[in-house]
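Welcome to this guided tour! Keep your viewer open and your selection tool ready, and we will go from stop to stop together.

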Amino acid sequence: MEISTQQTADGLELAVSGRLDAYWADHLSKALEETVRGGAHQIRLNMADVPYMSSVGIRVLLKFYKELQRLKGSFTVVSPSEQVRTVLELAGLEVLLATQAAARPADVQAPVSSRTIERETATFEVFKADGAAALRCRVIGDPELLTGCRFTAQDGNRIRFPENTFGLGLGGFGENFEDCRARFGEFLAVAGAAAYLPTDGTNVPDESLSSKALVAEVNVLYALVCEGRLGQLVRFEARPNSTVTLAEVSETCLACAQADAVGIVIIAESAGLMGAALRRSPALAPADDAPFAFPQIREWLSFTPERAYSRSLAVVVGVAARTDQPALGPLLRPLGGAPLPAGHFHAAAFSYRSLPKGRIELASTITTLFTAETLQGILHLLNDDRAGIGTGQSEFLRGACWIAPITDIVKERP
């Protein structure tokens, strides 16, 4: 089978030549998957040179028709051979054949007000903001107790994360501090869902999703918790043969929010995440050399030696600040070299799922990810700036950011 592509006024056209049987169906499926991953959501499949199509081939066509419908795009068969047309008609799948109605996107939406920002590595589409949206940020607990692993039961906090609250820090799922003592690890929570990486040796991330009266809860040692509405959507796409860093995304979000500090939730296709995660719970017993002293750090923390979770869909939660924010204290880390902002971000990597273009809704997107995709891992994102050997920042290809300015920061102790 041969597959060639051509950009047309109606979208991207793939011309297929050869039999579409069980042997070649996977080849076509992989080509279509890469096309969708590349951002093409208007796809025309030219099947003029396909002399035979089996039921396995039909399933491939139907799979991508449904996928592009979900993405508010279109998938149609154009110029089908007589055999292909006959098979589709007998199977009752004329909807796959290009007609004046079928060639249009499934859901025609009213124009949405947006503007475009061109950066060196990416294009950002900024949608009209809700000017009243703002966040209250609570700094809960004392992160400095991580040095020496000095957390005790009095440092435990049980925090609820309803839909209008997001956060990150060190925490665990369980009834109380004692229940979580041996399992505290990195967590994030957003839009009624929470995920964390236990430190009990299983190394398998766990998750919780709110439903009806059940609200996701985390027992935290320390956390950044942002409450309020994320009132602005910013979409981005890296330029061809390029990627966009977490620092560049954060800097653009700060500019769009016109604020010195901003809360950010990102859902994006990962080009590789850089970060670390605890191997042990810091609440078991005090230890003067833990967790940052060398060489003990190797037993306490796992670092990504190179970018991890490439081609996954990452959910990134955190805050970024352009200027010094004393109330955030030691939680902020440089995202890159000056004058790039500082921030604190955790990421959950999921199996890949394409995002629809344009304006999308955070809560439903998060719910779909947590129910339909596989949670692969969780990282505290870091900038590896070691001279000569550092691998830099987390990078992305395309995605969506929900943001709002942080207008109030409150420190809370247990």
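**Stop 1: Arg-19**

Select Arg-19, which is partly exposed, with a relative accessible area of 43%. Here, buried means under 20% relative accessible area, exposed means over 50%, and partly exposed lies in between, using a 1.4 Å probe and protein chains only. You will find Arg-19 in the loop between strand 2 (11-17) and helix 1 (22-37). Helices (H or I, at least four residues) and strands (E, at least two) are DSSP runs, numbered from the N terminus.

Before moving on, a word about the model: it is predicted, so local features need pLDDT of at least 70 and side-chain atom pairs count only at pLDDT 80 or more, while totals for chains, interfaces and linings use all residues. Residues are numbered from 1 along each chain as its sequence is written, and side-chain values use heavy atoms, with hydrogens and water left out.

Which residues does Arg-19 touch, not counting those up to four places away in sequence? Show Met-1, Trp-24, Pro-51 and Tyr-52 to see them. A contact means heavy atoms within 4.5 Å. Now draw a distance from the C-alpha atom of Arg-19 to that of Ala-327: these residues are 308 residues apart along the chain, and the separation is 65 Å.

**Stop 2: Thr-8**

Next, select Thr-8 in strand 1 (residues 2-8). Thr-8 is partly exposed, with a relative accessible area of 24%. Leaving out residues up to four places away in sequence, Thr-8 touches Glu-13 and Arg-44.

**Stop 3: The whole chain**

Zoom out and colour by secondary structure: the chain has seven helices and 23 strands. Its C-alpha atoms fill a box of roughly 75 × 50 × 45 Å, taken along the principal axes. For 414 residues, a compact globule would have a radius of gyration near 22 Å, and the 24 Å of this chain agrees with that. The radius is taken over C-alpha atoms, and the globule rule is 2.2 Å times the number of residues to the power 0.38.

Of the 414 residues, 53% count as buried. Among contacts with a separation of 6 or more, 77% join residues 24 or more positions apart.

**Stop 4: Backbone details**

Most residues other than glycine have a negative phi, and most peptide bonds are trans.

- Phe-294 and Pro-295 are joined by a cis peptide bond, with omega about 5°. Pro-295 lies in the loop between strand 17 (275-278) and helix 6 (297-300).
- Cys-149 has a positive phi, near 50°, and sits in the loop between strand 7 (135-140) and strand 8 (157-160). Is Cys-149 buried or exposed? Cys-149 is buried, with a relative accessible area of 1%.
- Asn-203 has a positive phi, near 60°, and belongs to the loop between strand 11 (193-196) and strand 12 (206-209). Asn-203 is exposed, with a relative accessible area of 57%.

**Stop 5: Pockets and a cavity**

On a 1 Å grid over the protein atoms alone, a cavity is a set of points where a 1.4 Å probe fits but cannot get out, and a pocket is an open set with protein on both sides within 12 Å along at least five of seven lines; lining residues have an atom within 4 Å of a point. Grid points are joined across faces, edges and corners, and a volume is the space filled by probe spheres set on the points.

The largest pocket holds about 720 Å³ of space. Select Ala-276, Phe-292, Leu-301, Phe-303 and Leu-382, the closest to its centre of the 30 lining residues. Strand 17 gives the largest share of this lining, three residues.

The second largest pocket has a volume of about 360 Å³. Of its 19 lining residues, Arg-229, Leu-230, Glu-361, Leu-362 and Trp-402 lie nearest its centre.

Finish at the largest cavity, of about 70 Å³. Its lining includes Leu-246, Arg-333 and Leu-382.
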